[in-house]
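Hi everyone, thanks for coming. I'll keep this short and walk you through a few contacts. Have a look at the structure first.

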Amino acid sequence: MRVVVIGSGFGGLSAAIRLRAQGHDVTVLEKLDKPGGRAYVFEQDGFTFDAGPTIITAPALIDELFALSGRRTSDYVRLVPIDPYYNVRFEDGSVFRYGGDRDDVVRQVREWSPADVVGYERFAREAERILDAGFPLIDKAFTRFTDMVRVLPQLVRLRADRPVARMVARHIRDPRLQQVFGFHPLLIGGNPFDTTSVYAMIHALERRWGVWFAMGGTGALVRGLARLLQDAGGTLSLGADVAEIVLDERMRRATGVRLRDGSVVPADIVVSNADVATTYLKMIPSSARRINGMRRWDRTRYSMSLFVLYFGTKRRYENLAHHEILMGPRYEGLLDDIFRGRPLSKDFSLYLHRPTATDPTLAPDGMDAFYALAPVPNLKSPTDWSRVAKPYRDAIIAYLEARYMPGLSREIVTERWIDPRYFRDTLGAHLGSAFSVEPVLMQSAWFRPHNRSEDIPNLYFAGAGTHPGAGLPGVISSGKIVADLVTRTA
C-alpha cells in the first residue's frame, strides 16, 4: 500500500521505518529543511545545537528499528552512556549527582537525610514494579475501551490515580530529595503534582538501562534514522508542507494529502506525526470530525511550553556536567503558575544542557555549546512574548552568571532562542505546547487521542500527542503501534 507520513519526528520516522519493513511504499513529508520535527538542529558560527530532545533512554527500542532492516545502530550512529545522568542543583548550594551507581545514590541520600534511606529504597522498588507492569503496555494500542478495561486491575494495583509527587512524598520526607526523584514528568511535559504515578517508571527505566547520548547530538540519531529509511527504499521529502488531508467524505477515508503548493500526494494510508490537535483542527474539515470536533480539543489539557536559550561560549565550563537541573526558589508554586496558564513568573527553574561535556566537536576548539531550557506556560497564558522574551533571556543569563557560570555575559559568542511562538508557528503545535496533550490520568491510554482515528479509519497518529505519550521511548513506540494497527486492519 501507499503510505504517506506527515512529519519526520521520531514518531513519524519510527512508523515509516516499520511500515517500509512490512513492504509498504512509504513517503515521509517534512515541511522543514531538515528531518526531526521537534528534534531539529540549529547550526551557527561553528556550534551545533539540538533544538529539542537530548535525553535518550531505553536504547533497545532504537536498536530494534535498525534490526528490522537488518542493520545495526552502530552502523549509523554512536550512542554512549552518560554518567552522572543529571546534576540536580539547589539554591542553597547543594548538588545531588544522580547517576547509575546505585550505592552512590543511596550514599548521597544518607548524607542529605539519613531518615530517608529506607524510604528511597521503598520508592525505587515501587518504581521497578511500575516499570515491570507498565512498560510492556508502551507499544500496545488502546483504540477500544475494552483495551482499557483489560488493564484496569493493573492500574488499580499500581495506584495510577496518585500523582508522581504524592507517590514520592509518601516515601521520602526531605523536600529537596522529593524534587530529585520526582521531577521526571517534566521531561515529558507533565506536572509532577498532576501526572499519574505510572510515570514514576522513568526513574526505574533510567536505573535499569541508563541515560544515553548520540555522538554528534540527537540530530545525528535523526539523520541515522532518516538514512535507514532511505536505505530501505523509503522516500523523505523535505520542504513539503502539508496543508490538508484529502478525503473521500462519502467513504469516510483519506485518499492522500494536499501540499501548500497545491500538489496532491495520493495515499492508501495517512500517518500524521504532526501535532494531533492541529491535524484535526487545521487539516480535516469539521464535517468529517464527528468525534474529534472542536469541543473535544477545547476541553483537552495541553502541556506547558518552553523558552530555550541556545548559546556558545569562548571558554569551557568544566564544573558543569552534560545534564544539569537547576532548581529555582519555588517548586510547586512555580509549576502551578506554568500549568495553570498564568502570566510568566519572574522566577524559574532550568535544565542546562552542555553536550560538549561529552562531544567537544559540537563547538569550536576550546569552546562550549549550551542550551538553557525553562518550562513556561503555553499560549493560553496572557504573556506577550514579543515584549518579554528579551528580558527573560537577560534574566536567565544573569542568573547563570551569578550562580554557576562566572563571567558568562562576556563569554557568549553566539546565541538564539525559541519561545512558545516557535512551537506554534514553526512546529504547528496547538497553543504552542511543547509536548502536546498533557499526560494526566484522564488523558492517558484509551483516554488519550487514539493512534487510529475514530473518524477516518485509514488515518493514524504517531508522536507525543497520542498513546503512549511524549519522550523518546513513547514516540518511538507510537510508531510501532501504528505499524501494528496497519497490519491488523489492512
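Let's begin with E128, which is buried, because its relative accessible area is 15% and the cut-off for buried is under 20%. Keep in mind that we're looking at a predicted model.

So which residues does E128 make salt bridges with? One is R208, where the closest N and O atoms are 2.5 Å apart. R208 sits in helix 8 and E128 in helix 4, so this pair ties together parts that are 80 residues apart in sequence. Another partner is R102, with 4.0 Å from N to O. R102 belongs to helix 3, residues 102-112, so here the parts being tied together are 26 residues apart.

On the surface, R125 gathers with R122, R129 and R173 in a patch of positive charge.

Y120 and F123 are three residues apart in it, so about one helical turn separates them. Y120 is buried at 2%, and F123 counts as buried at 0%.

Now, rings. A pair of aromatic rings is described by how far apart the centres are and by the angle of the planes. Searching the whole structure turns up 33 aromatic pairs. Take Y86 and F183: they're edge-to-face, 5.4 Å centre to centre, with 85° between the planes. Where do these two sit? Y86 is in strand 6, and F183 is in the loop between helix 7 and helix 8, 97 residues apart, so to speak a link between distant parts of the chain. Both Y86 and F183 are buried.

K390 and D394 meet in one of 3.0 Å, N to O. They're four residues apart in helix 13, so that's about one helical turn. K390 is partly exposed at 43%, and D394 is partly exposed at 30%. Elsewhere, salt bridges with shared partners join a network whose members include R301, D336 and E438.

That's my tour, thanks!

Methods: Residues numbered from 1 in each chain as written. Predicted model: local features only at pLDDT ≥ 70, side-chain atom pairs only at ≥ 80, totals over all residues. Heavy atoms only, no water. Patch = residues over 30% accessible without salt bridge, like charges linked within 9 Å, V, L, I, M, F, W, Y side chains within 5 Å. Areas by Shrake-Rupley, 256 points an atom, 1.4 Å probe, with all protein chains shown as cover. Salt bridge = Lys/Arg side-chain N within 4 Å of Asp/Glu carboxyl O. Lys, Arg positive; Asp, Glu negative; His and termini not counted. Charge placed at Lys NZ, Arg CZ, Asp CG, Glu CD. Phe/Tyr/Trp six-rings, centres within 6.5 Å; stacked < 30°, edge-to-face > 60°. Helix = DSSP H or I, 4+ residues; strand = E, 2+ residues; numbered from the N terminus. Buried < 20%, exposed > 50% of the residue type's maximum accessible area, 1.4 Å probe, protein only.
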